[in-house]
Amino acid sequence: MSLTELPELPGLISSNLGYPRIGGNREWKKALERFWKGSMDESELHIEMKRLRLEHLSKQRDKGIDRIPVGDFSYYDHMLDTSVMFGLVPERFNYRPDGPVPLSVYFGIARGQKGATASEMTKWLNTNYHYIVPELANATPVFTENKPLQAYREAKQELGIEGKPVMIGPYSFVALSKGYDRKDLAAIVRSFLPLYARVLSELAAEGVQWVQVDEPVLTTSFPAEDLDIIQEAYEALAEAAPSLNIVLQTYFGSLDHYEHLSTLPVQGLGLDFVHDDGENLQHVLRHGFPAGKTLAAGVIDGRNIWRSDLNDVAVLLGQLAKQTTAAQLIVQPSCSLLHVPVSLEAEHKLDPDLVQALAFADEKLEEIAALTAALGKREPSALAKLEQSADAVARFNSSAARVQTAADMAALLAKEPQSRSVPFAERRVIQQDKLNLPPLPTTTIGSFPQTAEVRKARLHYRRGEWSAEQYRTFIQQQIKEWIDIQEDIGIDVLVHGEFERTDMVEFFGEKLKGFAFTQNGWVQSYGSRCVKPPIIYGDVSFDQPMTVEETAFAQSLTSKPVKGMLTGPVTILNWSFERNDIPRSQVALQLALALRAEVEALEQAGIGMIQVDEPAIREGLPLKKEQQQAYLEWAVQAFLVTTATVEPATQIHTHMCYSEFQDMIQSISDMDADVISIETSRSHGELIVSFEDQVYDKGIGLGVYDIHSPRIPDVSEMLSMIQRALRVLPSDLFWVNPDCGLKTRTKDESVAALRQMVLAAQAARDSLTVSS
């Protein structure tokens with residue numbers, strides 16, 4: 001695009017919504033884990049966290065960002081930060097509001113303590129980030145400290161940065177909390193308004209110019225009657241701090257009630273122009289934008305890692321500037337950069353053409369700064385960067401890796417089975433005759449502890465310090481040890497432990513065609529848990545068996561059934577950085593056909609139980625209700641394509657965790673898995689209520705203890721969970737299992753908890769015998 005074709009937008013400024021906490025080399029994660037292990041004291045932790053915060057702020061300033069967020073940094077989770085700022089500590093932690101919540105209580109809420117279970121953890125809207133769900137039952141919010149003010153002062157005093165404090169807005173905070181009746185939402189929001197007013201008035205008194213108040217729930221299909229309390233809330237906040245400029249920030253989609261929300265008494269409105277399906281742009285073009293208000297335009301993708309065609313983005317900004325003024329237009333990412341890796345700096349092993357098509361957090365900041373400098377100041381070097389981006393994107397999109405068309409996929413699927421050959425009721429009899437399992441059979445979800453020894457062995461192998469045979473021998477030793485442990489504990493259905501796997505998605509991506517892998521592309525999933533999502537850059541296809549050797553070896557060691565363990569197509573899709581040039585549904589079906597070949601290979605090797613995990617299927621559900629059914633249809637289709645060709649005697653399992661499943665029970669049933677395990681312990685058994693109103697007619701295991709906490713629950717606690725479930729689920733279809741894999745736990749923790757679980761299952765069986 002020529003210089004004369006680019007819009008001229010004098011006064012254009014740049015902004016960011018949030019920066020990855022973890023550090024370029026995961027320093028944040030490592031500091032937390034040292035602290036939890038006792039090898040770092042609290043003062044040392046605070047020093048390291050401050051160093052990281054200031055480093056991140058300096059980097060954003062040096063990249064040329066005008067409005068730099070402060071207060072987005074967290075020791076665990078930003079929703080948890082808001083909870084403790086308002087004194088929302090569950091009663092079981094024995095905290096009495098008196099100033100800031102101690103760090104021990106803060107981490108106790110997130111991870112559990114002796115005698116106190118952790119708070120529920122669930123997905124942050126439709127992402128793979130997990131937040132700690134605030135508990136509002138019997139809670140009275142009280143002000144404990146002004147965290148945004150502390151962050152603002154630190155940035156100004158230490159670096160001279162006039163930061164933009166970030167906080168979760170009152171409506172989204174309450175809407176994403178638990179422990180109250182939905183009809184009471186407005187009253188609960190009102191109870192928080194004095195606390196929000198205090199935070200904002202103190203920021204105004206400090207001289208803060210702009211505050212970012214995040215309201216992501218506004219891009220969901222929230223009830224229209226909630227508009228009244230939203231209006232009331234922002235009128236109250238405007239009255240409390242009339243000199244403060246508030247930008248009401250939304251992301252992950254479009255606004256359904258644009259005409260109303262755009263007129264709220266705030267000085268700026270942040271809109272996502274990447275993941276909005278074009279709807280936010282149509283709102284602005286159709287209805288205009290309020291005069292005198294700032295439009296914070298999320299035009300750089302904050303959720304995926306592809307480089308933007310900055311010429312196209314420039315055209316979009318030109319369209320938006322016609323509805324306001326350039327001086328009231330802000331260039332920013334579509335959401336916080338929390339969801340992408342930190343930097344491409346360490347990526348020396350990726351194909352150079354692929355690297356040229358990528359942008360991580362730091363590169364996205366550079367894109368934002370380049371747009372601002374090119375369009376606002378007409379800087380020649382910035383203008384050249386716009387052309388370079390367009391060339392790189394076009395070159396990669398025309399590469400040979402991206403060749404399959406939608407018509408090709410439709411023709412391929414027309415020839416393939418898409419359902420089991422025998423209905424569940426008949427399969428169930430065949431399978432029980434073959435397996436002869438006891439009532440309430442026990443199993444685990446798949447992974448066992450990835451100890452330092454396991455990680456070191458994998459590193460030796462990857463560096464070429466061990467031969468393939470040395471590594472195979474080590475893995476087989478681990479498998480044998482844990483087969484023996486499971487048999488000693490008395491578990492009914494065993495697993496091989498997944499010691500050869502770094503990550504449940506990365507492992508499969510490394511063995512399928514169409515994937516690429518970073519050296520340092522880590523993102524936060526929950527707490528200190530970071531994942532390194534693969535990059536789906538081209539067409540996906542099966543290459544060779546991926547799991548057969550280890551699973552068959554495990555089965556050779558025992559007469560009990562051993563489950564084959566696969567990650568499902570929708571989870572691989574949702575936990576990868578997927579290509580953005582074809583529909584997501586098409587990528588999912590490519591994955592399904594590739595995984596079907598692995599399912600068939602396991603069955604041919606004599607494996608009679610195969611678990612195809614879909615923990616992320618709920619996560620991908622669109623935020624808009626009118627879009628959800630179409631997603632569920634292709635997600636269910638992908639699972640069915642994966643599993644359709646197995647024999648009736650082969651039992652298909654699946655697993656789901658840490659999302660709200662109440663609204664998709666029917667779709668889960670439509671997946672036609674013989675057994676599903678779903679997390680319920682972290683939510684304190686609340687999912688069980690869903691089955692009081694909805695019949696589920698297939699095998700099901702509701703996780704009876706929380707594996708993300710080091711706490712070992714006692715037998716009575718697990719037995720209570722089992723008995724509660726059996727009040728609404730048939731005992732002949734019920735399984736007993738933990739709520740997720742045990743990869744992150746120690747050996748001692750895992751063995752102790754599993755022994756308790758088996759004892760609880762036996763007690764429940766005994767009670768069934770007595771009652772019959």
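1. Start with strand S8, which is covered on both faces: Gly268, Gly270 and Asp272 on one side and Leu269 and Leu271 on the other are all buried. Buried here means under 20% relative accessible area, while exposed means over 50% and partly exposed lies in between (1.4 Å probe, protein chains only). Since 5 of the 5 residues of S8 (residues 268-272) are buried, the strand is largely enclosed by the rest of the structure. The names come from DSSP runs numbered from the N terminus: helices are H or I with at least four residues, and strands are E with at least two.

2. A quick word on what you're looking at: this is a predicted model, in which local features need pLDDT of at least 70, side-chain atom pairs count only at pLDDT 80 or more, and totals for chains, interfaces and linings use all residues. Residues are numbered from 1 along each chain as its sequence is written, and side-chain values use heavy atoms, with hydrogens and water left out.

3. Who sits beside S8? S7 pairs with S8 in the parallel sense over 3 bridges, and Leu248 stands opposite Leu269 in S8. S8 and S9 are also parallel, over 5 bridges, with Asp272 opposite Gly298 in S9. Two strands count as paired if DSSP finds at least two bridges between them. As background, strands of a sheet pair through backbone hydrogen bonds, either parallel or antiparallel.

4. Now zoom out to the sheet. It is an open one of 8 strands with parallel pairing, in the order S1-S10-S9-S8-S7-S6-S5-S2. S1 and strand S2 (69-70) are the edge strands, each pairing on one side only. Strand S9 (residues 294-300) and strand S10 (residues 329-333) run parallel over 5 bridges, and Ile300 has Pro333 in S10 as its bridge partner. Helix H13 (residues 361-377) packs on the sheet and touches S1, S9 and S10; its direction makes about 160 degrees with that of S10. That angle is taken between N-to-C directions on a scale from 0 to 180 degrees, using axes fitted to C-alpha atoms, for helices over the stretch in contact.

5. At 1.5 Å a residue, its 14 residues (227-240) should span 20 Å, and the end C-alpha atoms are 20 Å apart, so the two agree. The expected span is 1.5 Å times one less than the number of residues. The buried residues of H8 are Leu227, Ile229, Ile230, Gln231, Ala233, Tyr234 and Leu237. Among the elements covering them are helix H7 (185-206), strand S6 (210-214) and S7.

6. Next, the nonpolar cores, meaning sets of buried Ala, Val, Leu, Ile, Met, Phe, Trp, Tyr and Cys residues joined through side-chain atoms within 4.5 Å. The largest has 146 residues, of which Leu45, Trp124, Phe273, Leu317 and Leu371 touch the most other members. H7 gives the most to this core, with 11 residues. There is also a second, separate core of 98 residues, which includes Met546, Val612, Ile665 and Ile678.

7. Have a look at Asn16, in the loop between strand S1 (13-14) and helix H1 (27-37). Is Asn16 buried or exposed? Asn16 is buried, because its relative accessible area is 0%. Its side chain makes a polar contact of 2.8 Å with that of Gln60. Such a contact is a pair of N or O atoms within 3.5 Å; within protein, one must be able to donate a hydrogen and the other to accept it, and residues adjacent in sequence count only if both atoms are side-chain atoms. Leaving aside neighbours within four places in sequence, Asn16 is in contact (heavy atoms within 4.5 Å) with residues including Arg67, Lys164 and Leu365.

8. Most residues other than glycine have a negative phi. Asn436 is not a glycine, yet has a positive phi of about 55 degrees. Leu440 also has a positive phi, near 50 degrees. Asn436 is in the loop between helix H16 (424-435) and helix H17 (452-462), and Leu440 is placed in the loop between H16 and H17 too.
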